[in-house]
Amino acid sequence: MKASRLIVLIIALSAGGIAAWLNLSSGSREQAPTIVVEEQEIPSLEVLVAAQDLKVGMALSFGDLSWAKWPEDAVSDGFILRGSNPEAESELLGQIVKAAMFGGEPIRSERLIDTDKGFLAAILPKGKRALAVSVEAVTTAGGFILPGDKVDVLLTLRAKSRGSGVVSETLLENIKVLAIDMITASENTEKAVSPDQTATLELLPHEVEMISRAMKMGTISLALRSAADSMDGLKQPPRVKGGVKFVKYGIASQSVNGN
């Protein structure tokens with residue numbers, strides 16, 4: 001090997017060794033920074049929550065409620081706090097669930113009913129009555145009436161005079177359906193009227209008398225009202241007490257006590 005090539009090789013090896021040494025020495029001097037994460041505890045309060053899913057109409061029993069930590073910033077008015085009412089878990093036992101709640105959801109007093117009466121009696125407005133009416137799917141908007149809907153109540157019967165045909169009349173308007181069979185609006189809004197079932201209506205005392213008498217006279221039908229009409233709270237026209245007014249071929253007539 002020529003002397004010139006040998007010198008070049010020696011110089012290259014020396015340069016490589018120096019570079020490696022510099023790299024190692026600089027790496028030993030520079031240490032990776034240490035990141036320290038300090039865990040900060042979020043301020044929280046103990047609130048009363050549902051220990052499991054709570055269905056409408058059920059009475060609270062032991063194990064249905066529990067205390068859980070809740071971020072203090074997320075605590076809303078209406079939450080039941082352990083600090084202000086430590087005995088709430090036991091005090092609420094026996095109350096009836098008015099609105100369904102999921103497990104882990106905070107308990108609110110307005111979603112419970114403190115009563116020894118049944119659920120329907122508890123939610124029925126003061127002065128109102130609940131009356132179950134036997135209906136058929138074919139006479140109730142094809143079976144699409146649901147609990148919570150507003151309806152008109154119609155009576156259809158065959159006229160007593162021979163060949164007079166059938167007459168119908170709207171007895172009541174804008175009446176709220178409290179339940180279909182045993183299902184209320186809060187329990188299951190997918191339960192529609194099925195054949196040979198009952199619809200429970202929210203009525204005034206004199207309306208109960210009218211519908212009870214009409215059920216003996218003919219067939220009761222429910223006509224579903226528009227949601228927009230239902231919100232208007234339209235007043236029903238006055239009816240003659242003690243009788244049912246019928247309209248046939250544009251001529252009004254009065255049937256008193258089924259005669």
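Me: Of the 259 residues of the protein chain, what percentage count as buried?

Reply: The share is 28% of the 259 residues. Keep one thing in mind from the start: this is a predicted model.

Me: What secondary structure does the protein chain have?

Reply: The protein chain comes to five helices and 12 strands.

Me: How should I read confidence here? What is the average pLDDT of the protein chain?

Reply: Start with the general idea. Where pLDDT is low, the predicted coordinates should not be read in detail. Now this case. The average pLDDT is 75, and 63% of the residues score at least 70.

Me: Where is confidence lowest, and where is it highest?

Reply: The lowest is strand 12, residues 251-256, with a mean of 42. The highest is strand 2, residues 65-71, at 93. Over residues 236-259 the pLDDT is below 50. That stretch still has 49 contacts in the model beyond near neighbours in sequence.

Me: How do I read contacts along the chain? What percentage of those with a separation of 6 or more join residues 24 or more positions apart?

Reply: The figure is 67% of the contacts with a separation of 6 or more. Ser44 gives a case in space. Ser44 and Ala74 are 30 residues apart in sequence, yet 8.9 Å apart from C-alpha to C-alpha.

Me: Where is Ser44 found, and what does Ser44 touch?

Reply: Ser44 is in strand 1, residues 44-50. Leaving out residues up to four places away in sequence, Ser44 touches Lys69, Trp70, Pro71 and Glu72. At 31% relative accessibility, Ser44 is partly exposed.

Me: What about Arg82? Where is Arg82 found?

Reply: Arg82 sits in the loop between strand 2 and helix 2 (88-91). Its relative accessibility is 36%, so Arg82 counts as partly exposed. Arg82 touches Glu46 and Trp67, not counting residues up to four places away in sequence. Arg82 and Leu45 are 37 residues apart along the chain, with C-alpha atoms separated by 7.9 Å.

Me: Is Asp114 buried or exposed?

Reply: Asp114 is exposed, because its relative accessibility is 66% and the cut-off is over 50%. Asp114 lies in the loop between strand 4 (112-113) and helix 3 (119-123). The C-alpha atoms of Asp114 and Gln95 are separated by 4.9 Å, and these residues are 19 apart along the chain.

Me: Now the inside. How many residues does the largest nonpolar core have?

Reply: The general idea first. In soluble globular proteins, nonpolar side chains tend to be buried together. Here the largest nonpolar core has 23 residues. Leu201 and Leu222 have the most contacts inside it.

Me: Which elements give two or more residues to this core?

Reply: They are strand 5 (129-135), strand 6 (150-158), strand 7 (166-180), strand 9 (197-203), helix 4 (205-217) and strand 10 (219-224). Strand 7 gives the most, with six residues. A second, separate core has 13 residues. That second core includes Leu48, Ala50, Trp67 and Ile80.

Me: How do I read a helix against a core? Which residues of helix 4 are buried?

Reply: Glu207, Val208, Met210, Ile211 and Ala214 are buried in helix 4. Seen down the axis, these buried residues fall within an arc of 165 degrees, so they line one face of the helix. They pack against strand 5, strand 6, strand 7, strand 9 and strand 10.

Me: How many residues does helix 4 have, and what distance does helix 4 reach?

Reply: Helix 4 has 13 residues and reaches 19 Å from its first C-alpha to its last. That is close to the 18 Å expected at 1.5 Å a residue.

Me: Is Asp152 buried or exposed?

Reply: Asp152 is buried, because its relative accessible area is 15% and the cut-off is under 20%. Asp152 is placed in strand 6.

Me: What does the side chain of Asp152 reach?

Reply: It reaches the backbone nitrogen of Asn174 at 3.0 Å. The side chain of Asp152 also makes a polar contact with the side chain of Arg225, at 2.7 Å. Residues that Asp152 touches include Thr170, Leu172, Ser221 and Leu222.

Me: What is phi of Asn174 near?

Reply: Phi of Asn174 is near 55 degrees, a positive value in a residue other than glycine. Asn174 lies in strand 7. Asn174 is buried, at 12% relative accessibility.

Note on methods:
Residues numbered from 1 in each chain as written. Predicted model: local features only at pLDDT ≥ 70, side-chain atom pairs only at ≥ 80, totals over all residues. Heavy atoms only, no water. Core = buried A, V, L, I, M, F, W, Y, C linked by side-chain atoms within 4.5 Å. Buried < 20%, exposed > 50% of the residue type's maximum accessible area, 1.4 Å probe, protein only. Helix = DSSP H or I, 4+ residues; strand = E, 2+ residues; numbered from the N terminus. Expected span 1.5 Å × (residues − 1). Arc of directions from axis to C-beta. Contact = heavy atoms within 4.5 Å. pLDDT = per-residue confidence, 0-100. Polar contact = N/O pair within 3.5 Å; in protein donor to acceptor, adjacent residues only side chain to side chain.
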